[in-house]
Amino acid sequence: MSGPNGDPNISIDDGIINDEDDFGDEEEYAAINSMLDQINSYLDDLEERNDSLNGKLHELMESNRQARLEFRAQLIGRQTQEEDCPAEGDSSSLSGEDLNEDSGAGK
C-alpha cells in the first residue's frame, strides 16, 4: 500500500504524531515558555538601549551642527572685521601703488 504522499510501503498511520508520546509533559512546555519569556525580556532591554543610543546620537549630531554653525559665524565675523579695519603693518592693506613705492619699482 502507498503512503499519503504516494510513498511505497508507508501506511497512513505512520506519519501521525501521537500527542501523548512525542510532546512530553507540561514541564517541558513550561521550560520552553520560560526561555521564550527570558529571550523576550532581553530583546525588550536591547530595544530600549538601542532607542536610547539613537536619541543620544541625534542629540550629539545636533550639538555638532550648532557648534559648526557658531564656528563658521565667528570666522565670517572675523573676516568681516579684518576687511573693515585692517591692522597697521598688514600687507593686505597696502594697495598696488604702495607696494611699488616701497620696493622702489615706481621710481
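Start in helix α2, where R65 and E62 sit three residues apart, about one turn of the helix. Helices here are DSSP runs of H or I with at least four residues, strands are E runs of at least two, and both are numbered from the N terminus. The side chains of R65 and E62 meet in a salt bridge at 2.8 Å, N to O (a Lys or Arg side-chain nitrogen within 4 Å of an Asp or Glu carboxyl oxygen). Both partners are partly exposed, R65 at 36% relative accessibility and E62 at 36% too; that label covers what falls between buried (under 20%) and exposed (over 50%), using a 1.4 Å probe and protein chains only.

This is a predicted model, so local features need pLDDT of at least 70 and side-chain atom pairs pLDDT 80 or more, while totals for chains, interfaces and linings use all residues. Residues count from 1 along each chain as its sequence is written, and side-chain values use heavy atoms, leaving out hydrogens and water.

The whole structure has two salt bridges. In the other, D45 meets R49 at 3.3 Å, N to O, again within α2 and four residues apart. Here D45 is partly exposed at 35%, whereas R49 is exposed at 54%.

Zooming out, the chain has three helices and zero strands, running α-α-α from the N terminus.
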